[in-house]
Amino acid sequence: MRRYIRVLFVCTLLVFCSLLYTFSQLVSSLESASPQARAHRTRAAHSGLGDRYTVPVPGVREQDRQEPVRLAVVACGTRLEETLTMLKSAVLFSCRKLHFNIFAEDELHVGFRQALESWPEKFRSKFNYSTHPITFPSENAREWRKLFKPCASQRLFLPLILKDVDSLLYVDTDILFLRPVEDIWKFLSGFNSSHVAAMAPEHEEPRIGWYNRFARHPYYGRTGVNSGVMLMNLTRIRAKHFKNDMTAVNLKWADLLMPLLHKYKLNITWGDQDLLNIIFHHNPESLFVFPCQWNYRPDHCIYGSNCNDAEQHGVYILHGNRGVYHDDKQPVFRAIYDVIQKYPFGEDAVHGLLRPLEEKLRDAGHTYCGRVWHIFTKQLQESVRELQKDKIR
């Protein structure tokens with residue numbers, strides 16, 4: 001009799017556990033089917049993050065709102081105004097707290113401080129910043145300083161200078177954010193255990209690629225990578241021992257840079273970007289590659305549109321290399337820069353930013369980039385809507 005009672009008890013317990021599991025699965029499926037969750041999954045897919053990262057539902061990762069997104073830039077010569085316009089685009093559309101690490105020549109520091117401190121409090125409260133001098137290893141400072149463009153190679157030494165910083169987003173001065181900075185920051189969560197950095201391809205179309213046609217040194221992948229927008233996990237970069245073609249021994253970052261320059265300095269054209277291509281050619285498992293709409297350059301449209309992700313979802317980050325913000329060769333790029341630069345903080349973003357830009361872009365229809373002008377406003381329209389909502393709040 002006792003044996004039958006024990007069997008009955010065990011059966012009852014198993015049935016209860018099965019019912020509990022079924023109920024939990026039902027609740028989970030209902031939650032995942034909610035409009036809010038579906039919207040977040042759609043946004044992740046359209047951003048190019050895909051299955052590598054799921055945009056968190058509000059409230060799930062509270063620390064994302066507390067930790068600032070770190071952005072680093074290097075400015076020399078006449079780049080003050082261009083850099084401020086880049087920083088302005090970051091502040092305009094971001095919801096997360098930002099921290100700017102500004103590396104600049106000494107004579108530019110006062111200009112940065114005066115401009116940033118003059119911004120309206122509503123926008124000034126969205127970021128902190130620190131200014132840093134341009135510094136290179138003393139024994140080779142002159143050689144590094146004159147590589148490619150003045151100060152450009154400073155980015156190579158960020159892991160060694162910012163020793164207490166875990167991760168940051170490095171951008172060139174000629175970058176404009178058309179989408180919140182925190183969205184590209186989320187790619188860090190898509191890193192696997194080997195990734196130390198993330199960049200976009202240099203070209204989508206090999207027939208017009210630079211590296212695959214002209215490079216006299218190793219480069220990453222089919223067409224190389226562009227370092228104008230570069231996510232960096234500085235902690236991993238400092239810790240990793242990198243494979244190389246100079247010695248059978250893997251070298252740490254601090255020991256790798258100078259021998260690399262000495263070996264290839266007569267064969268490189270684009271300075272520090274070429275050195276990064278060489279490094280990740282030998283360590284391809286360490287690089288995360290994000291889609292072209294996160295680093296959209298004139299090459300993506302001047303010979304015909306060749307960034308499919310931008311055609312589908314719009315341009316997220318604009319990169320006006322080759323000085324296109326300051327001449328008339330690519331009126332689309334100049335129009336976007338001029339409108340953001342002249343937009344007064346706090347004004348109606350539809351009539352003060354979006355509408356003037358659309359008018360300028362329609363006038364650029366005679367150029368290849370102008371023929372796809374809608375891809376430059378597709379994401380910007382969403383960013384402006386969010387900016388207007390924030391203004392109401």
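This is a predicted model: local features need pLDDT of at least 70, side-chain atom pairs count only at pLDDT 80 or more; totals for chains, interfaces and linings use all residues.
**The chain overall**

- The chain has 17 helices and 11 strands, these being DSSP runs numbered from the N terminus, with helices taken as H or I of at least four residues and strands as E of at least two.
- Of the 393 residues of the chain, 52% count as buried; buried means under 20% relative accessible area, exposed means over 50%, and partly exposed lies in between, with a 1.4 Å probe and protein chains only.
- The accessible surface of the chain comes to about 19000 Å², and 54% of that surface belongs to carbon and sulfur atoms; the areas come from the Shrake-Rupley method with a 1.4 Å probe, and for residues only the protein chains shown count as cover.
- Among contacts between residues at least 6 apart in sequence, 71% join residues at least 24 apart.

- Val339 is found in helix α15, which covers residues 331-342, and it counts as buried because its relative accessibility is 6%.

**Disulfides**

- The structure holds 3 disulfides, a disulfide being a pair of cysteine sulfur atoms within 2.5 Å.
- With bonded cysteines counted along the chain, the disulfides follow the pattern 1-2, 3-5, 4-6.
- Cys76 is joined to Cys151 with an S to S distance of 1.8 Å, and this link is left-handed, with -95° about the S-S bond. The pair links distant parts of the chain, 75 residues apart, with Cys76 in the loop between β1 (69-75) and α4 (80-93) and Cys151 in the loop between α7 (141-145) and α8 (158-161). Cys76 is buried at a relative accessible area of 8%, and Cys151 is buried at 1%.
- Cys292 is joined to Cys307 with an S to S distance of 2.0 Å, and this link is right-handed, with 95° about the S-S bond. Both cysteines lie in the loop between β10 (287-289) and α14 (308-313), so the pair ties together parts that are 15 residues apart in sequence. Both Cys292 and Cys307 are buried.
- Cys301 is joined to Cys369 with an S to S distance of 2.0 Å, and the torsion about the S-S bond is about 85°, so this disulfide is right-handed. Cys301 lies in the loop between β10 and α14, while Cys369 lies in the loop between α16 (349-362) and α17 (374-392), so the pair ties together parts that are 68 residues apart in sequence. Both Cys301 and Cys369 are buried.

- Strand β4 (residues 167-171) is mostly covered, with 5 of its 5 residues buried. Ser167, Leu169 and Val171 point one way from β4, and Leu168 and Tyr170 point the other way. In a regular strand the side chains alternate between the two faces of the sheet.
- β4 pairs with β1 in the parallel sense over 2 bridges, where two strands pair if DSSP finds at least two bridges between them; in this pairing Leu71 stands opposite Leu169 in β4.
- β4 is also joined to β7 by 5 bridges, and these two strands run antiparallel; the bridge partner of Leu168 in β7 is Met232.
- Strand β6 (residues 197-201) has 5 of its 5 residues buried, so it is largely enclosed by the rest of the structure.
- β6 and strand β7 (residues 225-233) pair in the antiparallel sense over 4 bridges, and the bridge partner of Ala197 in β7 is Met232.
- β6 is joined to β10 by 3 bridges, and these strands run parallel; here Ala197 stands opposite Leu287 in β10.

Note on methods: Residues are numbered from 1 along each chain as its sequence is written. Side-chain values use heavy atoms; hydrogens and water are left out. Contact means heavy atoms within 4.5 Å.
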